[in-house]
Amino acid sequence: MLMFTLRRILVSIPVLIGITIILFLMMNVVPGDPIELMMREHASPDVIARVRAQMHLDDPMVVRYFRFLWNALQGDLGVSIKLNRPVTDLILKAFPNTLSLAVCAALVSWIIGIPAGILSAVRRDSLLDRFFMGFSLLGVSMPIFWSALLFQYIFAMKLKLLPVSGFYGWKYMILPAIVLGWSSAGVIARLTRSSLLEVMRLDFIRTARAKGLRETGVITRHALKNALIPVVTIMAIQVASLLSGAVITEAIFSIPGVGRITVSAISSRDMPLLQGAVLFATALVILGNLVADILYSILDPRIRAQMRKEA
Amino acid sequence: MTRKLNLLLATGLTSLMLLSPAFAENMLRVSYPEDPKSADAQMTTDFYTLPLNIFDRLVESETTGPGQSALVPGLAERWDVSDDGLTYTFHLRKDVKFHNGAVLTADDVVYTFDRMLNPATKALNTDILTFIAGAEERLDGKADSVSGLKALDDQTVQITLTKPYAAFLALLAAPGASIYNRAFTEAAGDQFGLTPETTNGTGPFILRDYTLNDSEMLEANDDYWRGRPKLDRLLIRVVSDPDTLRMLFESDEIDVFDMDFAPTQTPYFYGADQWKDHIVSGPRVGIYYYNINQLKKPFDDPRVRKAFQMSIDRQTILDKNFYGKGKLEDGVMPRGLRCYAPAEPIAYDPVKAKELLTEAGYPDGVEINLQQVSSWSSRWSDMNQIIQAQVAEAGFKAKIITTDEAAYLAARKAGDSDAYTQVWSADFNDPDNFFYTFFSETGSKTRGYNNNDPEVFAAIEKARGMTDPAERCKLYQDLTARIVDTDAAWVPLFSLDHSFVVQPRVKHFIVPWNGWSDMSYYNVEVE
Amino acid sequence: MMTRSVDSAATPETPDEASFLRDTVRAFRRNRMAMAGLIFILLLVFCAVFVPWISPHDPYRVALDEQLLPPSTTYWLGTDNFGRDVLTRILYGARISLVVGIVPSLISLLIGTIMGILSGYLGGKTDFVVMRLADMMIAFPSLLLAMVVMYTLGANLLNIFLALALVGWASVARVVRAQTLALREKEFVEAAHANGTSRGRIMFDHIFPNVVPTLIVLFSLSIPEAIMWESSLSFLGVGVQPPAASWGLLVAKGKEYMFQNPSVAISPGVAILLAVLAFNFIGDGLRDALDPSMKD
């Protein structure tokens, strides 16, 4: 297991470096000057030229890239050009907000998705199945900014049950978490359903049925336990992907999270911040995958054997 | 990590406390769509709300009436200007204290301006001070101090210019010229203005809390030299989504609704019984215009430019797209600007425009490009779509081109930009801020006009140093006629009012003279 | 959003294509939701193609006198801020949105299939390189990757295709690779190998046909995803640019007029909702129909 983990971490290093190179190349082959973008209509060529030189933005691309890489390897992601603050600080301050949003949203998606998936596998084509599956698919089918608007309008403006926007306590978390979580409930529902269907075909379930156990008993006691293994393992990946999927939700609900700073880094060509934020998000996704695999192996002994073989 | 979490919890708690009604009584809650990034006015050319409330300047631009302003003493209680217009002597007010208790001295002023010009600061607002003798040398790293900056004694600052500049005092009233404390600012280094702990000014409010992309909390400065502000607190929130903003305002979570941030809500608020009596509106010293690149065919021909001017139905755009809240402009200077005088009206006349196009050799019409930038607000793409439809009547086959901001700036630099529409608002109350920006030799080139008229260049340089106000204004008015009428190098559209809706409990809210969203909240009260 | 359970679309072992196709069609037709989705999409495609003849309105005409009219018999869904018929705009928008749904899905399917089969069949270094590339793409937050592409290359339709294809191919490659790995061990592939059939032939003649059912399901499910991606990009201002209109852009712009004429914001949102739902039903229906285990 340890070997497996180590191997996976080692393999992910070239992935991370590759991503920084791609990002660096993409952001550098096209015009776009962070200083000019920062000064907008007030940009004056003299000021821009001077500040660029002061920030070493005029050095050759290769030099800038290796300077970045060298510092990054030592744990220094540099200083954001636009925000003038250390990139690490910016990300660490914004991260807890995004994380809590992602975790709450994931909870919402499980609450909707898992029952929907079970019902849909067990009571196929029943009215209840249609309703739950339809409900979870509805979430996938609405653009987040659109459902957010409707929710704000109904629950905050009209019914005055919840605050419109901001980030000052649990009450402020409800609407964004529902909007974001609902949008990924369909994935969970589908996964639960297919994995449950697969398990139900397995021998031990057939045996249990043949022994004359009641259907609900078979499902809850035997099938579900096994079927939820992939669902549980995917949770880690889901949280990681929600982190980067929260960009729009953060913008609409004024949540000071990682997504917000990343978007502004892209539009303002703030390379240090963008590199840092993307590295961070990517590392999270990789970590999420790793945690998922490890969880899976703990829950399912067959996989553990295979992992030993791979390592 | 735990420390980080505690910090987070703490700021979260303060924010919560400050938002609860009991504490909110004497607090004004406003919002802007973007985070200001810093309170340091030297480091921004865009976000001035924090500097305007936390710092003071030697001279202040006071709003005296709708769209009108006067230069009044600020930290300098009086000043003398030498006859040649080169030497300014400022006499500082006594007993002005910074938020940390330090007393303001002439050395602080010298330090502040020197800091701006010090290359190590990497300041963006240096244009304000480049007239000072020795400024260029300091900026280029050839000198360790600025020769034109001197503290004669604790209370007196002398500033020498390289050449007379009529708008120098107006410039010193710009937010970028805010005054800092030497000892504190030096110690804060490049962290100055980024956190409450590293921010210190003489202004009416003190920065207490700053959560990036969320909010800033300011508290009244009890020792403010002009007297304590009526507000106890000022909460500035970052709200980027316009619909969210409106809902926040209507659920009484925000006190001031700035229609600039959600212009499409204008008709609603003007029509709503609940709100229409709580609208505060004022003219904006800013002009909407179309930029025309004269290097690009067919706009190299003045007749085509003239035809373009005449084929836009500005009144309809103003009425329908901006709900009639503004005034048509025919010159370079908008209403409210010093030296403003009504210019020769530009008539909407598609028939005449078509004739001009024929005369210029385009009897079957001509293809033009209208440029827009994807990250700009939809206001601009809306205008392009309307104008595209309008100018078609005169024979302009307009194609709308969208690029991102970087590509647009690059094209402009290369002299290859297409016509685009934008607005320019006065940074300081002087025509130079408009003429120099657009039609000086450097301005015309960097902004992609390429109106290479040596006489205009010379006149603009000359006007900068003129000391007789009446003569100077006359020159600007003549220049307007030449640029707009004769050369048709500039397509003026209109100036808009700036409207705000405020909660009924907000009193003494006035639109600042320049019509900015960034303003000092010193005089505002809440009941 | 992240992973899709298409693995259960198991491949038929004896490729008796005619009867397989018949069974599939029958199973699909029994699924009422999927059929409803299919009919809706066909109707939508028809309207989008023939809208110039169906609608009496010009989608680009600016009529400032008719701003934000409520729904009426002339303007069934009202007018937008330029006095343009909302329904007509939505039908024209359907052209862009459907194309944005289909083209990038096809591109990523094509790249993903080639990469997946090569990687799975050839193994070794090819496999390692392709899978690391895929890892990179999957680890890179999708929306951010798409935004970077749009910002750097410029906001136009072609770059939207590119951005979405770039985001999508890696997960296709992974699924195809897994199937190829399984197929490689199958008797008919080993037999072909023993007969001296070239590797290219095997990949094209024996492996590819067997991943097609999976590809069909992937395709039908990635269309709605692409439509959603495009709407997000348009909301962030780096998608389709006005005066052209995709549904995403219509919602993003219409949202500003939500309070004056709710129809401007809600109608295109409903269009997205219905189309994405329909595609999802079709996708689920196809998956069930192609999966033999669902038939007993």
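Predicted model: local features only at pLDDT ≥ 70, side-chain atom pairs only at ≥ 80, totals over all residues.
A residue is termed buried if 20 or more other C-beta atoms, placed from the backbone, lie within 10 Å of its own, exposed if 12 or fewer do, and partly exposed in between. Select chain A and apply that criterion: buried residues make up 50% of its 311 residues.

Residues are numbered from 1 along each chain as its sequence is written, and chains are lettered from A and ligands numbered from 1 in the order in which they are written.

**Chain A: fold and domains**

Display chain A as a cartoon. Chain A has 14 helices and 0 strands, where helices (H or I, at least four residues) and strands (E, at least two) are DSSP runs numbered from the N terminus. Next, colour residues 2-73 as domain 1 and residues 94-268 as domain 2; these bounds come from an automatic or database domain assignment. The C-alpha centres of the two domains of chain A lie 35 Å apart.

Two residues are in contact if their C-beta atoms, placed from the backbone, lie within 7 Å. Of the contacts in chain A with a separation of 6 or more, 74% are accounted for by residues 24 or more positions apart.

**The interfaces with chain B**

Now bring in chain C, of which 19 residues are in contact with 19 residues of chain B. The chain C side comprises 11 nonpolar, 5 polar and 3 charged residues.

**A helix pair in chain C**

Finally, select residues 142-153 (α5) and 157-184 (α6) of chain C, whose axes come within 9 Å and cross at roughly 150 degrees. Axes are lines fitted to C-alpha atoms, for helices over the stretch in contact, and angles run from 0 to 180 degrees between N-to-C directions. The two helices α5(C) and α6(C) are therefore roughly antiparallel to each other, angles over 145 degrees counting as such. Show the side chains of the contact: among them are C:L145, C:V149 and C:L153 of α5(C), and C:L162, C:L166 and C:V167 of α6(C). By class, this contact of α5(C) with α6(C) has 10 nonpolar, 2 polar and no charged residues.

How values were computed
Parallel < 35°, antiparallel > 145°, perpendicular 65-115°, else oblique. Nonpolar A, V, L, I, M, F, W, Y, C, P; charged D, E, K, R; others polar.
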